[in-house]
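Please read the following briefing alongside the sequence and the coordinates.

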Amino acid sequence: MQDLLDEWHIRMPRIHDVAHVRNVQDAPGRRSETGDMDIDAAASPVRFDTKVAVLLRDDLLSWQELNVTAFLMSGIATSAPDLVGEPYLDGDDNEYLSMLRQPILVFTAEANKLAEVRRKAVERDLSIALYTHDLFATGHDAANRAAVAAVPADELDLVGLALRGPRNVVDRMTKGVTMHH
């Protein structure tokens, strides 16, 4: 790998090159007068009351996993205004889009586990987004909604779910599923 990186003139950062690696749950630092982040200003790690989880059926192709995850996260991102953070700025003050403020955990599971999690999430009135196999054949939002509406809930051919809810509830629902790798 290093030979390829050298050939392409790419330098991988070494651990001593990085003063501090920030976790996405670290409290935001303050900018100093020079514009640098004051890492010491981070008071303590942020603990979220909620958790966001994406569950993907374990037999999807790579492109399907990415497509389903993107669609599911769009549903979660629009479900509550407090989920989205502030826009990003780089060192030259170029502005970038806001993203979710909290981490997203991605899991894989068998089809029957997805159905079980969907049922429990509905029973507990959690925010949930779903993606069915039929949606791979549709081309727009109205067709997507029609495809889901045509199938009774217990017969949905689920390929992915995203849910947001109290951390302990989401932890219990995702117990026994595998982290995506």
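What is the mean pLDDT of the protein chain? The mean is 81, and 76% of the residues reach 70 or more, where pLDDT is the predictor's confidence in each residue, from 0 to 100. This is a predicted model, in which local features need pLDDT of at least 70 and side-chain atom pairs count only at pLDDT 80 or more, while totals for chains, interfaces and linings use all residues. Residues are numbered from 1 along each chain as its sequence is written, and side-chain values use heavy atoms, with hydrogens and water left out.

**Confidence**
- Mean confidence is lowest in helix α1 (residues 2-7), at 46, and highest in β5, at 97; helices (H or I, at least four residues) and strands (E, at least two) are DSSP runs, numbered from the N terminus.
- Over residues 1-41 pLDDT stays under 50, and the model has 39 contacts for them beyond four places in sequence, a contact being heavy atoms within 4.5 Å.
- Where pLDDT is low, the predicted coordinates should not be read in detail.

**Strand β8**
- Strand β8 (residues 158-166) has 8 of its 9 residues buried, so it is largely enclosed by the rest of the structure; buried means under 20% relative accessible area, exposed over 50%, and partly exposed in between (1.4 Å probe, protein chains only).
- Strand β3 (residues 50-57) pairs with β8 in the antiparallel sense over 7 bridges, pairing requiring at least two DSSP bridges between the strands, and V52 has R164 as its bridge partner in β8.
- Strand β7 (residues 127-132) also runs antiparallel to β8, joined by 6 bridges, with S127 opposite R164.

**Loop residue M99**
- M99 is found in the loop between β5 (95-96) and β6 (104-109), and at 47% relative accessibility M99 counts as partly exposed.
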